[in-house]
Amino acid sequence: KLESIDFKKEIKMKIDILSDLHFDNYFYNKYSKDDVINFYSQIIDFNNCGDVLVIAGDLGHNNHQNIKILKILKEFYKNIVCVLGNHDYYLNGKENKSLFKGSFERVSNMRELINKEDNIYCLNGDIIEINGVKFGGCDGWYNDGFLRVNYPKAYFPRKSNNAMWQNCTPDSKFVVGIENFDDIFEIEKPKIERVYKECDVMITHINPINPSAKKEYLNPKYQNNQSSTFFCFDGEDYLKNGSMKYWIFGHNHDVIEYKEHNVKCICNPLGYYNESGNGQWIKIKQIGI
């Protein structure tokens, strides 16, 4: 039964949630600031924006375009907090290949461009506190948790996992500087462990699903697909023992919400233009905290 709540007293802030914006999938060749605003006005109520916009990764393939559009969105938000996704590591196209020696150099440049802007933050195993609410996060990555739990009698050596990875996702082709599907998970894991006990809102690009019991939170057509291991990691210990009340993620181009160990996990992706109806089918997710 709903109780009467004085929201002016109870809510510290409103948080708007999006992921997988894929800017270059929507804006290419010549486009103006007005084009960007008109497009996102389909998705965001600019007259009722939250205090913080959280973007859970996959900005796009071009760093200069990414920061340009983030700065336009910042005109409507007091703060933007983001992490980077697998596509933000991609070294594709002549420009990226001429500017950067590898994916990690591109990622470092993207973080630098973001963090030098006022009130736009790219988390990397750290915490930013805004009006008493602590946002922690990092890019995150996938591991073999889904396979180990859901196929306990099978043997999945790294060599076979890598072969499946190379066949199932472009990450193996466009993330330059790694050899194995879970190399970045090993880099990101200590970053999660630095912040998960200290934040109110946790942000990663990858779903921290408990693969032993909650694969139903994946799209039904992928629940029994071994390639789902490249869309989640086993984050049960973090969900169970962390301080966060919300865990915001992306990567899955499906709207997903579930509650595990009293943590509300939310994915609200834009995805590609054909998945979003060129922005018409997607709406911002707003929560009060």
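Welcome to this predicted model, whose chain has a mean pLDDT of 92, with 94% of the residues reaching 70 or more. One stretch to treat apart is residues 1-7, where the pLDDT is below 50. Beyond near neighbours in sequence, residues 1-7 make one contact in the model.

Let us turn to the cysteines. A disulfide is a covalent bond between the sulfur atoms of two cysteines. How many disulfides does the structure hold? The count is zero. Cys199 is in no disulfide, and the nearest cysteine sulfur to its own belongs to Cys138. For Cys267, the closest cysteine sulfur is in Cys265, too far away for a bond. With a cut-off of 2.5 Å between the two sulfur atoms, the separations below speak for themselves.

| Cysteine | Closest cysteine sulfur | Separation |
|---|---|---|
| Cys199 | Cys138 | 10.0 Å |
| Cys267 | Cys265 | 11 Å |

Are these two cysteines buried or exposed? Cys199 is buried, at a relative accessible area of 0%. Cys267 is buried too, with a value of 1%.

Next comes the open space in the model. Rolling a probe the size of a water molecule over the atoms shows where empty space is left. The largest pocket has a volume of about 560 Å³. Its lining is made up of 23 residues, and those closest to the pocket centre are Tyr222, Phe231, His251, Asn252 and His253. Sorted by class, the lining of this pocket counts eight nonpolar, nine polar and six charged residues.

Technical notes
Residues numbered from 1 in each chain as written. Predicted model: local features only at pLDDT ≥ 70, side-chain atom pairs only at ≥ 80, totals over all residues. Heavy atoms only, no water. Buried < 20%, exposed > 50% of the residue type's maximum accessible area, 1.4 Å probe, protein only. 1 Å grid on protein atoms, 1.4 Å probe; cavity = no way out; pocket = protein on both sides within 12 Å on 5 of 7 lines; lining within 4 Å. Points joined across faces, edges and corners; volume = space filled by probe spheres on them. Nonpolar A, V, L, I, M, F, W, Y, C, P; charged D, E, K, R; others polar. pLDDT = per-residue confidence, 0-100. Contact = heavy atoms within 4.5 Å.
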